[in-house]
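I opened the model to look up a few things about its chains and charged side chains. My notes are below.

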There are 2 protein chains.
Amino acid sequence: MAYQAPVRDYAFLLRDVLRIESHANLPGFADAPMDLVEQILDGAAQFTGEVLAPLNKVGDEHGCKWNPDNTVTTPPGFKAAYDQMVENGWPLLGVDPQWGGQGMPYVVNLAVSEMLSSSNMAFAMYPGLTHGAYKAIEAAASDELKALYLPKMASGEWSGTMNLTEPHCGTDLGMLRTKAVPNDDGSYRISGQKIWISGGEQDFTSNIVHLVLARIEGAPAGVKGISLFIVPKHIPNAAGEPGERNNAKCAGLEEKMGIHGNATCVMAYDDAKGWLVGEANSGLKLMFVMMNEARLGVGLQGIAQAEAAYQAAVAFAKDRLQGRSLTGPKNPEGPADPIIVHPDVRRMLLESKAIIEGGRAFLFWTGLNADLQANHPDEAVRTKAGDYMALMTPVLKGYLTDRGFDICSMAMQTHGGSGFTEHFPASQYLRDSRIAMIYEGANGVQALDLVGRKLAANGGRAIMSFFAEVDGFVGENAGADEMLKPFIDGLADAKAKLQDATMWLMQNGIANPDNAGAASTPYLHLFGVTGLAYMWALMAKAALAGDQNDAFIQTKLVTGRCFLERVLPDAAAHLAKAKAGSATLMALPAEAF
Amino acid sequence: MAYQAPVRDYAFLLRDVLRIESHANLPGFADAPMDLVEQILDGAAQFTGEVLAPLNKVGDEHGCKWNPDNTVTTPPGFKAAYDQMVENGWPLLGVDPQWGGQGMPYVVNLAVSEMLSSSNMAFAMYPGLTHGAYKAIEAAASDELKALYLPKMASGEWSGTMNLTEPHCGTDLGMLRTKAVPNDDGSYRISGQKIWISGGEQDFTSNIVHLVLARIEGAPAGVKGISLFIVPKHIPNAAGEPGERNNAKCAGLEEKMGIHGNATCVMAYDDAKGWLVGEANSGLKLMFVMMNEARLGVGLQGIAQAEAAYQAAVAFAKDRLQGRSLTGPKNPEGPADPIIVHPDVRRMLLESKAIIEGGRAFLFWTGLNADLQANHPDEAVRTKAGDYMALMTPVLKGYLTDRGFDICSMAMQTHGGSGFTEHFPASQYLRDSRIAMIYEGANGVQALDLVGRKLAANGGRAIMSFFAEVDGFVGENAGADEMLKPFIDGLADAKAKLQDATMWLMQNGIANPDNAGAASTPYLHLFGVTGLAYMWALMAKAALAGDQNDAFIQTKLVTGRCFLERVLPDAAAHLAKAKAGSATLMALPAEAF
C-alpha cells in the first residue's frame, strides 16, 4: 500500500488542538476557515499520493546523472511532476500575496510540506530549498532584487539554492574562502568552490538562483566578514527573463547513502556575477534566516519519513502471515496469523505512532507561533511567539530527526529480512531519513545552539515563558478526571525534570562551558520528550472533548497512553545523562580514543 | 586510517579479566598460553588489517554478480583473499584436531572472528556460515558423512550454507514446503526454493555444502516434520572429490541495503540429491545447533562493525579541523581545533567505546562458558556454563546488534556531512551493520526466546545462577575503595532492576502471554545493560589491579565511568517499559494502526 497522507490527523490538530479558527482575526487565517483548509489538505493528499509517491523509488534507483556539459539529469518523471506542482500552484500556498502567493498560514503550509516530504523527500527538497532562498531575499534584498526574483521563485518557475559549505568548512563558516570582488556596476565577481549544494543543478527550471556566502575582498576575517550574494545561473535580461549564462557551474555530484533523487552538487564559481543581499558583512545573519526556516523543515522531514515508513510497516504487519498469536490463533482459517497480532510488533508500531503524532503536534504548535510572531497585533504575543520559535527550532530539528530515524529503523525491523532488501521501501526511508540528523547543522550543533544560545537569550525569557505556560496548563487541569490525569501528571513530571536540568546547566554550564557541551544532547532530548508530553496532554484533552465513539478519537487516546508508558520513561535517563558533567568526557587525551 | 585490530583489549580480556590461563588444565587451553595467544592475535590483526580491510569498500562498491549460468562472481580480490585465509589456516584455529583443526579455545577464536568481521563483514560471512554448517554436521551426521565433509569444511576448502527461509516462511519454519523424497540408495531428492541464502553461490571453493531444511514426504505438518539434509553443489565422488553437478542452483541474488560483498542467493533445488543429517524430523533441533552458534556470531558482528565504525569516527574527529574548543583554542597555530575537543563529539565516541568494550567482554565471557560447557571435568560447571550459553545467546544477539547499529549511526554523526557520502566508510558500516538486527532471528524473536523459553527453562535455573553469581561478586567487593565502588553499586542497582523485571514477568507473563511479549524487548535491553554493568565491574577490578601509570589502564577506567554515567541510566527506563504491560498495545484493532 502506497503512502496516504494523514489528513484526518492534520485536521484534528489544526481544528481541535491548535484551534486555528480562533485566530480568524489575523491575516492569512481570515482566509483559512477549516472547510477550505480541509479542501487544500485533500488536494495535497491527492497530488502527493498519486504523483510524487510513485516516483519515490524511481528517484532512489535512478538517482541524478551529471553530464560533462555541467547539466544534471534528474530521475525519470521528476520534471513532469515538478511542472505539475508548479501548475497546481502548490509552492504559492504560503507565499505573501505581494509576490503572487495565497498567503495561507504557515501552520497550514506545514501540513502540505509534510505530505510533499513523506511522499518523496528527495523531490520535496527542490521546492523546499527554493522557499528558504526566497525568504532570505524577502528579508533583506533591495526592492529591485525582490521584484526581479521573488515572484518567479515563489511560483517555482525559478528555483533557489543555499551555498554555505566549502570542503574545509561546514559548521565553522568563519573559515570560508569564496571571494567577492566588486564590479563597477555595483555587482560582484564571485569565485570559489561550494559543496553539498542540494539542487545546485537540475533540469526543471529555466533559472536557478544561488544564494552564496562569500567574503568581499578586504572584509574582516571570520564570520564577521561574510556576505550573502544572489548568483543566478542565467543573468536576468532587461525583460527579467533568463539571459546570459553565468559562470556558476555544477562540477559534479556527491555519491550518497540516500536522497538519490536530489542532486547534491559541487558548485564551481569562477568570476560569476553576483549581487549583494542586504548589507555587506551581514551574511551570517541572513544565512540564519534561511537556516532557521530550513531547520524547521528538516525537523519536519524527520516526522515525514517516519510517517511514510510507519505506514509501510503497518501494511507489512497486516499482510505478512507468520506464526501464531501468543493467546491463540487470530486467523484460524489461514496458515498463520498476521504479525500485527504480536505485542512486540505492536510496540514498534504504536511507539512510532506516538512519537510521530506528538512530534507533528509539537512542530505545528511551533509553526502556529511563527504565524503569531509575524501577524499578531499584540506585541507581547509576537515577542513570546518569536521566543518560542527561536527556542524550539533546535529542539524540533534535533529530536524529531533523531527519533524519525529510529522510527524508520523500527519500520525496517517490522519488515524482518524483507526490510533489508530493496524490494520493500523500508531501506529507502532509513537511508533517506538519515541525512536529516546531519544537514542544516548536525544535531550536536543544534544541541549546542540550544544550551549555548537559545536558553540564555534575553535572560532566559523563552524557557521561563514555556515553564510558566506548562505550569498554567497543569494548574488549570489539576482536577482532571482519570482519563486525562495521567497525561497531566506525566507532563508535570517531565517539566520538573527539564527544569531541574535547566537549573543544573545554569549553575554548571557557566562555570565550565564543557559542562554545557557534555549536557547538550541529553538536554535536547529531555526537552523533546517534554514538548511531546505537553502536546499529548493537549491532544488528550481535545480528544476527550470529542466523540468517544469515533475510532479516530479512541485510537488517539490509546496512542497517547503508549507515549506515557513507553516514551516518557526516557526523560529520567536523559536527565541523569545531562547532569553527568564533562569531567569523564574530557579526562582523556585525544590519542587515548 | 584503516581498521586496526584492538589486540591490546583482547589480551586484557583474555589474560586479566577472564584469566584463561587459570583453565590450563582443560583441553585447548593447555595449548593456549597467553604468549602463544598473543602471537595468534597479532597474526590475525595483520591478516585482517592488510588483506581484508582494504577489500571492504571494494566489496561494497562492486557487490556480487549473478551470471546466467547460475554462477556468481564475487568482488575483485575476494577469491585471492579467501585463498590466502585458507592457506594461512585461519578457519582451522578453533576446529577439533580430529578434523584437522588446532583446537584453540572458542573464546580465543572469538577474537579472531571479531577481527575478520570488523575488517570485512561481507567477506567474513563466508567462513562464518561454513563453520555453522560444520557444527551441525559434527553434531549429528553419520560418521561416514562426517569423514567425507568435515575435514574439507573445517579447512575452508569447501564452504557451507544454511538453507532455512522460503518466500512465505522465515520465523515460522513450520510452514516450510521444500520436500524430500527418499531414493532407494538411502539418499533423498530435494525440491523447493530457499531465499536469503548467504554464500549460496560463490567462486572461492570447489564445492559448497548446503544444509537444507525440508519435509520428508508424509512427515507431520509443522515444525515436527522438518528434517535436515546435506545437499552438496557437487556430489563427492568415490575419492571424496567434487563430482557430478547437483541440481542445486543459485537462481538470482537479492538486492540489499548492505553487505554487498556477500552473495545473498535465491536457491532452487530440483530433485537435488541430499543426505539426511541425524534422525528424520529432527531438523529443527539441529537447525538450532547452527543457529545458536550463528546467533553468537551475529552478536559479535554488532560489536565488530561498531569497533570499525568507532575507529573511523575517532580518526575523523582527530583530523577534521572545525570550530574552537568551548574553553579556548587547543590548536592555536591551526585554522581551527580538531573536533575531538568538543564534549559532544567525545560523548559519542566514549559512549561507543564503553558499549563496545563492555559488549565484547560480555561476549567473550559467554564464549568462555562455551569452552567450559564443552570441556570442563566438573558436571556442575558444565551445566551452569550451558545454562549461561542458552540464556545469554539471545541477549547478546539482540542487545549487541541494536547497540552496534546505534554506534555505527553515532560514527556517521561524528563525520557530519562527510559521513553521508560514500567517500567515507561510515555509510557502509551503518548499512552493513543493520542486517545483524534482523537475520538469524530478528531481535524481537530473540527477545521472545529470552522471556518465553530461556528464562523459564529448568525452573529458571540459569537466571538464578546469574543472580547468585552477581550477588556473590557484589558481596565480595562490599568494601571496595572509592575507585571500584561506583562500579559495584551500579552493578547491584542494575541487577536489582533486572530481578524486579524478572519477578514482574513471572507474575504477569504466565497469566497473560501478551504481557511477556510486550515486555520482551525492554527486558532484553535491561538484561544487556546489566550484563555490561557486570563486565565493567570485572574490568574495573582487573584494571585497578594493573599498572596505574599505563595509559591503557587509565583509559579503561575512564571508559568504565562513562558507562556508569551515560549507559547505565537507561536501565530504569527499560524497567519502566518492561513493566508497562500489554493492555495499551493490544487495545486497538489492526485497522486502527
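This is a predicted model: local features need pLDDT of at least 70, side-chain atom pairs count only at pLDDT 80 or more; totals for chains, interfaces and linings use all residues.

I superposed chain B on chain A: the rotation is 180° with 0.0 Å of shift along its axis, and the RMSD is 0.0 Å. That is the relation of a two-fold axis. In chain B, the C-alpha nearest the axis belongs to Ala573(B), 3.3 Å from it. I then checked the interface: 100% of the interface residues of chain B are also interface residues in chain A, so the copies meet through the same surface.

**Helix H9.** I looked up Asn369(A), which lies in helix H9 (residues 343–375) of chain A. Asn369(A) counts as buried, at 8% relative accessibility. Leaving aside neighbours within four places in sequence, I found it in contact with Ala385(A), Tyr388(A) and Met389(A).

Next I took Glu357(A) and Lys556(A), which meet at 2.8 Å, N to O. This pair links helix H9 to helix H17 (residues 551–566) of chain A, across 199 residues. Glu357(A) is buried at 8% relative accessibility, and Lys556(A) is buried at 2%. Both belong to a network of salt bridges that also includes Asp9(A), Glu114(A), Glu307(A), Lys353(A) and Arg360(A).

Last, I checked Glu469(A) and Lys384(A), a salt bridge at 3.2 Å, N to O. It links helix H14 (residues 457–476) with helix H10 (residues 379–415) of chain A, 85 residues apart. Lys384(A) is partly exposed, at 34% relative accessibility.

Terms used
Residues are numbered from 1 along each chain as its sequence is written. Chains are lettered from A and ligands numbered from 1 in the order in which they are written. Side-chain values use heavy atoms; hydrogens and water are left out. Copies are superposed by least squares on the C-alpha atoms of residues with pLDDT of at least 70 in both. Contact means heavy atoms within 4.5 Å. Helices (H or I, at least four residues) and strands (E, at least two) are DSSP runs, numbered from the N terminus. Buried means under 20% relative accessible area, exposed over 50%, partly exposed in between (1.4 Å probe, protein chains only). A salt bridge is a side-chain nitrogen of Lys or Arg within 4 Å of a carboxyl oxygen of Asp or Glu.
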